[in-house]
Structures are given as C-alpha cells and as structure tokens.
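Trainee: I want to learn how to read an interface and a nonpolar core. Where do we start?

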Amino acid sequence: MRKPNRSAIAAALLLLASSSAMAEVDLSGVWNVRLHEDLPERIPGPDMAEFHGVPINEANRARGLAWDPSILTLEEYQCRPHPSDYFTRFSPERIWKEIDSETQQTKGIHIRKEWQAAERTIWMDGRERPPAYAVHSWQGFSLGKWEGDVLAVETTHLKQSYVRRNGLARSDIATTREHYIRHGDYLTIVAVIHDPAYLTESFIRSSDYALDNKRNIAPYPCDPVVEIVGQPKGYVPHYMPGKHPSEFEYADRYNLSHEAALGGAQTAYPEFMEKALAAKKR
Amino acid sequence: MSMNRNTVSKAKVAALAVAAILGAASVAMAAQPARQNRNAPAAPAPQAPNFDAVQIKVLPIRDNIYMLVGQGGNITLQVGDDGVLIVDTQFAPLSDKILTEIRKISKAPIRFIINTHGHGDHTGGNGNLSKAGASVAGGNMLGPLAVAAQGQGGAAPAGAVATILAHENVLTRMQESIGGQPPAPADSLPNVTYIGDWKDMFFNNESIRLFYEPNAHTDGDSMVYFRRSDVLSVGDIYNTNNYPVIDKARAGSIQGVLKALNHMLEITIPKDRQEGGTLVIPGHGRLSDEADLAEYRDMVTIIHDRIKDMVDRGLTLEQVKAAKPTIDYDPRYGSGNGPGSTDRFIEIVYNDLKAAK
C-alpha cells in the first residue's frame, strides 16, 4: 500500500488551520448606532418610574422609586460612562483588533465609544480572569470567543451601575453575555444581563449599528465641577419611601396601568399587554 | 525566616483566634441596653474557621503595595529598602502562611505593623508577625548588626519586635474585657500609639499619613494613606460585603461611619471617568476606588436619612423594622445574622439617631 504523503497532510492541516482563523468575522471599523429600536427609552430617555419591561425585583423597584436625578449633579457622578452592558445603546464606536506580533492571533478586540470616552477590551487569548477581590470597572473584564460567526463575550467584574437610566440598579455581582453578530455592513449586539441581586430573570436587549468608516470618534473630555452651590457636605439626593413626586406620572400620561409602569418580569412578555390594558379599562 | 522561636502552640493560637471571633461577634450585642440583652435570643456562636484550609492570596496593587486576602480583615503590605510595613494581621494561626507570602515579596525585616482598629480578625497576628520582625532601636539596644542580618534572611535578634502602631484607643480597648471576652494577649498590643487627628510617617521613600476617624466602626479607627502610591487602607469603616458593622461596645456610631466615608471621598481622586486613581483597600471585600466608595456612602446615607425621618416622626424600632428601610439594598448588603446583619444595623442606626435627638 502506498504511504500517505506526510507533507501533503501537513499542508492540508495548515490550510485548514489558516482558513479557520480566516473564518473569524472582522468587526473592525467605525460603527454608527441606529436608535430606532426602543427609541423613547434611549432618546430622550426613560421617564421617572418607567420600569416596565425590566425583570426587576421588589428591591430594585424600591431603588428606582428612591432615585432622584439630582444625584447626577454630585462630582462623583458627573463623568461616569455607561457600563459595558449599557453602552451599546448609545454613541458611535470604533472597533479594532490587537494582534499578537508573534502568533499573529487576535489577542484582544478594543471598542472605543465617543460618549464619555468609554473604552473596553474583549480579551480573545483566554487569559485568566482576575480574582473576585480585584477592583471592578465600568466595562468589567471580558473574555470573547467565536461561536461560528458570532462573537460571544462573557463579562465579570462590573462596577455597580444601572440597568435603565432612571435609577433601576444593576449590581456589581452581575455578569453579562453578549453576542456580536455582523450582517454585511450592519452589526447587531445582543446583551444578556444576569443579576442575582436585582433581576428576577435575565434581561435581554439588542442594539444595531451601521458601518460608517468616514465618521470620526471625537475626544470627550470631562472635568467634574461643583454644580450646585451650598449643598451640605455628604448630601445625597434621594426620595423618601412613598414620597416620589411623580411615581405614576408616566403611567397616567400614557394611560397604562400602574402595575405595568412599575415593571417586573411579567411586564416583559406580550401576554401582559392585554392584562395591562384590560386592567386600565376597568 | 523561621518563626519557630516565636510560635505559640497551635492549640493555644486557635483558642485565641476563636476567642477573637467570638469577641467580634459579640461586639454589637454588648452595646445593647440591658433589657434588650436579656430578652434577645442568644446569637449563634460562630464556627471557628478551619485555618488549615485558608490560603493567603496576594493581589499586587501598585508599585510596592500589595493586598493580602485570607481569613479576617484584608492586609495591606508595603515593601522597600527600609523594610516591610503591614497594615493589620488577620488571625494568629495564619501568621506562618502570611509570613511565607510576605517573604516571597521581600526578605527585608518587618519594621512596622499598623492596626486600623483593635478587633481580633485584624490584630490576631500582631504578636507573631511583630516577633518575626524588628524595629530599629536607638542606643544599640537590640544590636544593629543582628538587625541587619535579619534583613539578609538571618534570625531576628532576641527580644526584637516590629513596632505595632495604632491609635491610643486601640491599646486601651485591647486591654479591656468586652462582652465577656478576655483582653488581647500582651504581645499583640500596640507598643507605639498616637493621639490627635493624624500621625505622619515616612517609610520606603513614601509619605504615609494615618488619619484618626473618631467613633466610626470603633473609637480607635485609623485610615492609612500611602501618598506616593495613592492607596488608602481603611479598615472596617468600609467593606464591600455588608452593611457597616458598628461596634457600640467600643463607641462606634453611624454618625462616625458617615463622617469617615465622606472623609475618604475627600482623599480619593479618580484617574479618569470616576475610575482608578486612588485605590481603596477595604477591611473586608474587594479592592475599590472612589466610585465604589461613593455607592457605599450613598447607601449608608440614604438608609440613615430614612431611619432619621422615622425617628423624627416618633416611630418605634419595631415600626422602623417593619417599614423595611433597607429593602432596596438588602440583596447586596443584607444578611440574617452576625454583627453585620440587617437587623443589627437598623437597630444601631435607630438607637444612635434616637440618642442624638
């Protein structure tokens, strides 16, 4: 029997390996966000006490109802960027790859947002995660891998932040899984947030982008200042329980039931719509 | 360096550690009015940690500063040509393991131990680690050549100990029997104390300031600020796991905790976007920065304000508890038992505010 040609096998294996590497979708470029999905919630932003559609627990509802937007005037809040699980909702972004010079493999994928100059790295080299007692960050620690043509990203080590920009919290023990899906010149990013402290089930949302390489990502300097003169030292704006000045303003304006406006997992499902409207009619 | 010459029997050390844990657990209980103490169910005795299973983990923070995590309070380590400086020492049975990790980083002698406060989970290893080091003494009292040899891995001179530095009130409290617990062993007591608002040091080419934070977690709290490294080690005034633990038997108070948290925020400066810059090593939990600290300060302030409003309206403690003033933070910081439990925190805040009326 004829011996197999070892060189040919090796060459075939090499080709296979290289084609596997080539199969990675390249996400590099400047992507401009498309805001049509959930537009009112994104621009101008959610109303006070507009919690529907988010699977919050009772604790998170209480946090939302205690949240006074004046807290954003505090110096410790003025320059905060959106966390990685929220920053897909706004602002154009640049994506570029970091290539390891020796192996020529993708070491990491960097994403820079225009708003608040948020920048994150999705490590592709399978490095070890930091220990639980390491410092957390707005963007967290992300590891990515390709699942077919989809970039799957798992993030830990997030700072406490928000799941919606009206006081609904996302804790620092939350983790996220994201999927980056490219369709030609369009990019869809799906983020799944797991938060055992404040969500009763996973919260999922998607955001869309269009390639726009002519666009520049501008710098975004930020310098906190005293915005309100005379605030006492240590003052933290918040509403006392039961004293929210506009708890049902949103619900009443849009003729929704109060139960719907106050959110919870049930309000995220289509069948809730009939119940909410029926309740209102009564 | 061997610790054998200084190591007390394992059984004795374990007994002391359990006593320290029981002491910490009894902290809040001891402060309650006598009537409440008689009627309250006994707090479950904490189980003695299995120190054999504890691993000491080292987190490099910045330049020559490290955080050591094991069982008990976080340890801050600063190393350099002048020697080794340790902030807090966890439990005595862990001293060998702690010293092993320190020696992987530096062979220089331990010169200073600073205690952020007097609780056993932060001071239990004082005696062992102090005896494993040596302070530089004047008058050739301990032999400068022997001290120098220690820096080369030689044995410490007989009788040499590292300086144990803390606020004066720590020394006082550690000598007291509180909540039925015995005083701390003599070799773990601070041998240098300070009074006043702060104490300055310069060690390993770095300015270090100890800030006294009165009546916060205890009445002897110090925060240790490493100015060049921009690292603030704050002891149990701030932790990332629980509501503040306030030791009423040692004159801690909610007002002191809030004042100290706001003081921390004055010291910390973020690098950019409220991230990085000054790093904060908490008494327990994960490494933090200003944004983490701000979230914690906000939480404590909001709960304080709610309970104050209820006290001002004349609500009883039972009514305050029924109103659930911590409901929105319980999934993250609440717990059912122990000194940092939700009920205990509410009780202490309520009683402090009532007393302040």
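Mentor: With a term. A polar contact is a pair of N or O atoms within 3.5 Å, and within protein one must be able to donate a hydrogen and the other to accept it. Keep in mind that this is a predicted model.

Trainee: How many residue pairs are in polar contact between chain B and chain A?

Mentor: The count is 16 residue pairs, both residues at pLDDT 80 or more. Five elements of chain B give two or more residues to the side that touches chain A: β1, β2, α8, α9 and α11. The largest share, 12 residues, comes from α9(B). By class, that side has 12 nonpolar, five polar and 16 charged residues.

Trainee: How many salt bridges does the rule find across the interface?

Mentor: Seven. One pairs Arg80(A) with Glu295(B), at 2.7 Å, N to O.

Trainee: How is the size of an interface often given?

Mentor: As the accessible area lost when the parts come together. Here chain B and chain A bury about 3,100 Å² between them, with 55% of it on carbon and sulfur atoms. In contact terms, 33 residues of chain B meet 40 residues of chain A.

Trainee: Now the core. Which residues touch the most other members?

Mentor: The largest nonpolar core has 49 residues, and Met223(B), Tyr238(B), Leu261(B), Met264(B), Met299(B), Ile307(B) and Tyr329(B) touch the most other members. The largest share of this core, 10 residues, comes from α9(B). Take Met299(B): leaving aside neighbours within four places in sequence, Met299(B) is in contact with Tyr243(B), Tyr329(B) and Tyr333(B). A second, separate core of 23 residues includes Ile65(B) and Leu279(B).

How values were computed
Residues are numbered from 1 along each chain as its sequence is written. Chains are lettered from A and ligands numbered from 1 in the order in which they are written. This is a predicted model: local features need pLDDT of at least 70, side-chain atom pairs count only at pLDDT 80 or more; totals for chains, interfaces and linings use all residues. Side-chain values use heavy atoms; hydrogens and water are left out. Contact means heavy atoms within 4.5 Å. Buried area is the accessible area (1.4 Å probe) that two parts lose on being put together, summed over both. A salt bridge is a side-chain nitrogen of Lys or Arg within 4 Å of a carboxyl oxygen of Asp or Glu. A polar contact is a pair of N or O atoms within 3.5 Å; within protein, one must be able to donate a hydrogen and the other to accept it, and residues adjacent in sequence count only if both atoms are side-chain atoms. Helices (H or I, at least four residues) and strands (E, at least two) are DSSP runs, numbered from the N terminus. Ala, Val, Leu, Ile, Met, Phe, Trp, Tyr, Cys and Pro count as nonpolar, Asp, Glu, Lys and Arg as charged, and the others, Gly among them, as polar. A nonpolar core is a set of buried Ala, Val, Leu, Ile, Met, Phe, Trp, Tyr and Cys residues joined through side-chain atoms within 4.5 Å. Buried means under 20% relative accessible area, exposed over 50%, partly exposed in between (1.4 Å probe, protein chains only).
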